[in-house]
Every structure is written in C-alpha cells, then in structure tokens.
Amino acid sequence: MNNKTEHKIVTLVQGIELRKQWKANGDKVVFTNGCFDILHLGHVDYLEKSSEFGTKMIVAVNSDASVRTLEKGVERPVNAEYARARLIAALGFVSMVIIFGDSTPLELIQALQPDVLVKGDDYTIETIVGAKEVIAAGGSVKTIALVPDYSTTKIIQKLKQ
C-alpha cells in the first residue's frame, strides 16, 4: 500500500532512528499509549492536548493480543491493530505510531526516551508506567483531563442496547 499516513507506523528499530533525528534537530518528543479501539471524541481530545506538550508525538498502540490481556472483554478489540494504528496515524499532530505487544509500554519508553510522557487523569504520576524512568532522564510526566462520558466501553454498551 502507498498511503499518506502509513509511513508514520514504524517498528521500534525505525522509531529509535527517527527519535535520534528528532533529538539532533532539537525536537521535544511527547509519548503516550493506549488501545484506541473505536476512535472517539475523548481519544482525539486527549491526543490533541497531549501533542501540545512538544513538537513531535509518538503514540504506542496496543496490539490485538495485548488488548485481550487488559481485561477489556472477549469481544475486544473491535478493530484490528493495523486499522487502529492507521486511524491514529491519520491525525495530523501524530508524528509516529508504534504497535506494541507487551502488557505495558515500558520497553518502548526506555528505548525512545521521550521528553514528555502523557496519560489521562484516570492515572496518577505514581501509577503511570515509565514515569519514574522519564523523570530520571530529565523529562516530565503530565496528565490530561478526560472528556466525560466518552469511552469505547460505553460506545459498545450503547450499541448493544
């Protein structure tokens, strides 16, 4: 395929090389992660606000297998990992998307060394995976207020009614 956004979906090795280039250019790199199963306003608002903390944004998307381990339910993910990654890559403020299969993105965070790590405010700094490592490397950790009443789980429940 030759799509305008597909080039943003990279392997970890490719991501490390891009990150090196960005660092050399003086870019401030933001990192966040999630399943992003059924893209909705809450996701877009969260990602857009996260992107404002830097000049480049990395979004790590859970693989299908890792979504199944997160107790999201047997019917999840609704959308396959490639489809979810492409939708995130299509957002203009997203610079890089990496699909990951581990239970947490810690390995990615350690390898990519973001300047800013972001999660929703349903987490605290103490519960954000990779926060300790980012802070130790001189970076910062931020939380974003979530848009009320928007979640993939709620969308699925509404569809079932």
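This is a predicted model: local features need pLDDT of at least 70, side-chain atom pairs count only at pLDDT 80 or more; totals for chains, interfaces and linings use all residues.
Q: Which way do β2 and β3 run, and how many bridges join them?
A: They run parallel, joined by 5 bridges. Strand β2 spans residues 56–62.

Q: What stands opposite Val-97 there?
A: Val-59 stands opposite Val-97, which is in β3.

Q: Switching to Ser-51. Where is it placed?
A: Ser-51 is in helix α2, which takes in residues 41–51.

Q: Buried or exposed?
A: Buried. Its relative accessible area is 13%, and the cut-off for buried is under 20%, so Ser-51 qualifies.

Q: What does Ser-51 touch?
A: Leaving aside residues up to four places away in sequence, Ser-51 touches Met-57 and Phe-93.

Q: What about the backbone of Phe-36, what is its phi?
A: Phe-36 has a positive phi of about 50 degrees, although it is not a glycine. Most residues other than glycine have a negative phi.

Q: Where is Phe-36, and is it buried or exposed?
A: Phe-36 is in the loop between β1 (29–34) and α2. Its relative accessibility is 5%, so Phe-36 counts as buried.

Q: And Gln-113, what is its phi?
A: Phi of Gln-113 is near 45 degrees, a positive value, and Gln-113 is not a glycine. Gln-113 lies in the loop between α5 (106–112) and β4 (116–120).

Q: Zooming out, how many helices and strands are in the protein?
A: There are 7 helices and 5 strands. Along the sequence the pattern reads α-β-α-β-α-α-β-α-β-α-β-α.

Q: What radius of gyration does the protein have, and what would a compact globule have?
A: The protein has 15 Å. A compact globule of 161 residues would have a radius of gyration near 15 Å, so the two agree. The C-alpha atoms fill a box of roughly 50 × 40 × 25 Å along the principal axes.

Q: What share of the residues is buried?
A: Buried residues make up 41% of the 161. The accessible surface comes to about 8700 Å², and 53% of that belongs to carbon and sulfur atoms.

Q: Contacts: what share joins residues at least 24 apart?
A: Among contacts between residues at least 6 apart in sequence, 73% join residues at least 24 apart.

Q: Last one, charges. How many positive and negative, and how far apart are their mean positions?
A: There are 19 positive and 19 negative charges, and their mean positions are 3 Å apart.

Terms used:
Residues are numbered from 1 along each chain as its sequence is written. Side-chain values use heavy atoms; hydrogens and water are left out. Helices (H or I, at least four residues) and strands (E, at least two) are DSSP runs, numbered from the N terminus. Buried means under 20% relative accessible area, exposed over 50%, partly exposed in between (1.4 Å probe, protein chains only). Contact means heavy atoms within 4.5 Å. Two strands pair if DSSP finds at least two bridges between them. The radius of gyration is taken over C-alpha atoms; the globule rule is 2.2 Å times the number of residues to the power 0.38. Accessible areas come from the Shrake-Rupley method with a 1.4 Å probe; for residues, only the protein chains shown count as cover. Lys and Arg count as positive and Asp and Glu as negative; His and the chain ends are not counted. The place of a charge is taken as NZ of Lys, CZ of Arg, CG of Asp or CD of Glu.
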